[in-house]
Amino acid sequence: MKTADELIQEAKARSGALDARKLPGLDALRLEAKAIFSALPEPPAYRRDNDPAAQMAQKLVAPAIDCLARLYCVGAAAARVTTIAEQAAQGTAASGREGGEALGGLKKAIAGLKQGRATAGGLDQESMASLNALTRAMELHLRALVAMGEGRIVEADLLASEAMAAARQAMCEGVLFRFVGMGGTPPVFDRATGVSRYDPRSDERLKVQLTCLATRCRKRSQYEVAAQKAFHRLACPKCGQSFGALIGRVGTIRRTNHGVTSHYAIGFELLGEPARLLEFDDASQKGIPAAAGDLVALLYSCTGSLAAAENLTSGALHLIVPKGACFVATMAFGEGAPELDDFRAFRDARLVPHPLGRRFVRAYYRHGDSFARLLSRTKPTRRATRWALEAIHARLVRGGQRARQGRDGGRDE
Ligand SMILES: [Zn+2]
């Protein structure tokens, strides 16, 4: 059997043949790594033949190498982007002195990149730190698995606890949240500051970054909330839109598919409150990017409907699509317009019963939101969308009437 170092070299060699652009994002890699971490068997207490833990460990070596190769590949690609950006920044600085005005745009783009915004395969600093922590945890897991697989139980025990600590750290390093204490217990009464021990602010606070869900805003801002309660009513500082956030840690997550929608049951350990099982439907066709242990904020619109799940541990935002949402038509006609019912009726009666129609509905739920956002950007596109939909709607209504007349006529005969 190969040593752990040889296997790590093998993963590095294999990462060179992978194309980072074709790999799943950091978020999907996190979930993949998490599945491997949680499968790490308990090291056996004594040596024995045909040890099940050893067999399990041997089986996990191959997926661990696969995952490690992907992590190396994404890390190397991100490092390359950063280097290119730095070299380009130096280059533009030099030619800028010679008076090259045309490079201003490029300079701005690079400044953005250097500030740590993720662009074209590059990762921001926080994502890079989380990628490095994941990679280290996966290397340690591979070492633990090899030792366990070979029955070196003392070494396996040590390596396994080290690997689990690294995994915990990699998984709990929040991207969008930070718990902040209030700096120790204040004195009973401090004459200088006027603060007493009974000051309600002396509770633990949570700094979170949440995304505003207003279609034309979608800005991520920082909020400070009390860590003893789960539900918070907040308002976006950029556009003023109010929304609600229910914050907690994911205990279990179960997804079952029914036709074009997925049903979720999430065991949610709420901040400062007892755990609750939350159930809801989502037609977005994308899985919610969260795993057990992640801190997640469920975001509610000002009308109280569940609109998004934001993973505060990984930074992923997932928009929840309610059963029967009509993004483009809602954007054009407004919430609750009577035309929406006609479009929904057409979808359920004409599209959903046919395989091709179902495929269209799925694709629409997957991309409809970005499409609606694109169309809502300017007045002319908004007007054109409304005009096109009105034309389609007129045909739908005529078609519906004809179909009804046809049916009624058939009954008469
Ligand atoms: Zn906003």
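Helix H1 has 13 residues, which should span 18 Å at 1.5 Å a residue; the end C-alpha atoms lie 19 Å apart, so the two values agree. The expected span is 1.5 Å times one less than the number of residues in the helix. This is a predicted model: local features need pLDDT of at least 70, side-chain atom pairs count only at pLDDT 80 or more, and totals for chains, interfaces and linings use all residues. Residues are numbered from 1 along each chain as its sequence is written.

**Helix H1**

- Leu7, Ala11 and Ser15 are the buried residues of H1. Buried means that 20 or more other C-beta atoms lie within 10 Å of the residue's own; exposed means 12 or fewer, and partly exposed is in between, with C-beta atoms placed from the backbone.
- Those buried residues fall within an arc of 85° seen down the axis of H1, so they line one face of the helix. The arc is that of the directions from the helix axis to the C-beta atoms.
- The face turned away from the buried side carries the exposed residues Asp5, Glu6, Gln9, Ala13 and Gly16.

**Overall make-up**

- The chain has 10 helices and 12 strands. Helices (H or I, at least four residues) and strands (E, at least two) are DSSP runs, numbered from the N terminus.
- Of the 413 residues in the chain, 28% are buried.
- Among contacts between residues at least 6 apart in sequence, 58% join residues at least 24 apart. A contact is two residues with C-beta atoms, placed from the backbone, within 7 Å.

**Nonpolar cores**

- The largest nonpolar core has 40 residues, of which Leu68, Leu71, Ala137, Met138, Ala144, Met148 and Ala163 touch the most other members. Such a core is a set of buried Ala, Val, Leu, Ile, Met, Phe, Trp, Tyr and Cys residues joined through C-beta atoms within 7 Å.
- Two or more residues of this core come from each of H1 (4–16), H2 (26–39), H3 (52–97), H5 (125–149) and H6 (153–172). H3 gives the most, with 14 residues.
- Leu68 touches Ala11, Met138, Glu139 and Leu142, not counting residues up to four places away in sequence.
- Another core, of 24 residues, lies apart from the largest one. Among its members are Val225, Ala230, Ala291 and Val296.

- E6 (residues 231–235) and E7 (residues 242–258) pair in the antiparallel sense over five bridges. Two strands pair if DSSP finds at least two bridges between them.
- His232 stands opposite Ala245 in E7.
- Six residues lie between the strands in the E6 and E7 hairpin, where Gly240 takes a positive phi near 85°.
- E7 also pairs with E10, in the antiparallel sense, over six bridges. Leu298 in E10 is the bridge partner of Leu246.
- Five of the six residues of E10 (residues 295–300) are buried, so this strand is largely enclosed by the rest of the structure.
- E10 pairs with E11 (residues 306–311) in the antiparallel sense over five bridges. Here Leu298 stands opposite Ala309.
- The hairpin of E10 and E11 has five residues between the strands, and Gly304 in the turn has a positive phi of about 95°.

**Val250 in E7**

- Val250 lies in strand E7. This residue counts as buried because it has 21 C-beta neighbours inside 10 Å.
- Val250 touches Ile266, Phe268, Ala290, Ala291, Ala292, Gly293, Asp294 and Val296, not counting residues up to four places away in sequence.
- Val250 and Leu270 are 20 residues apart in sequence and 8.5 Å apart in space, C-alpha to C-alpha.

**Strands E8 and E9**

- E8 (residues 261–270) and E9 (residues 276–282) pair in the antiparallel sense over seven bridges. Phe268 stands opposite Arg276 in E9.
- Their hairpin has five residues between the strands; Gly272 in the turn has a positive phi of about 65°.

**Helix H9**

- H9 (residues 355–375) bends by about 55° at His367. The bend is the angle between axes fitted to the seven residues ending at a residue and the seven starting there.
- His367 counts as partly exposed because it has 14 C-beta neighbours inside 10 Å.
- The buried residues of H9 are Val361, Tyr364, Tyr365 and Gly368.

**Arg218**

- Arg218 is found in the loop between E4 (205–211) and E5 (220–226).
- Arg218 has a positive phi of about 50° although it is not a glycine. Most residues other than glycine have a negative phi.
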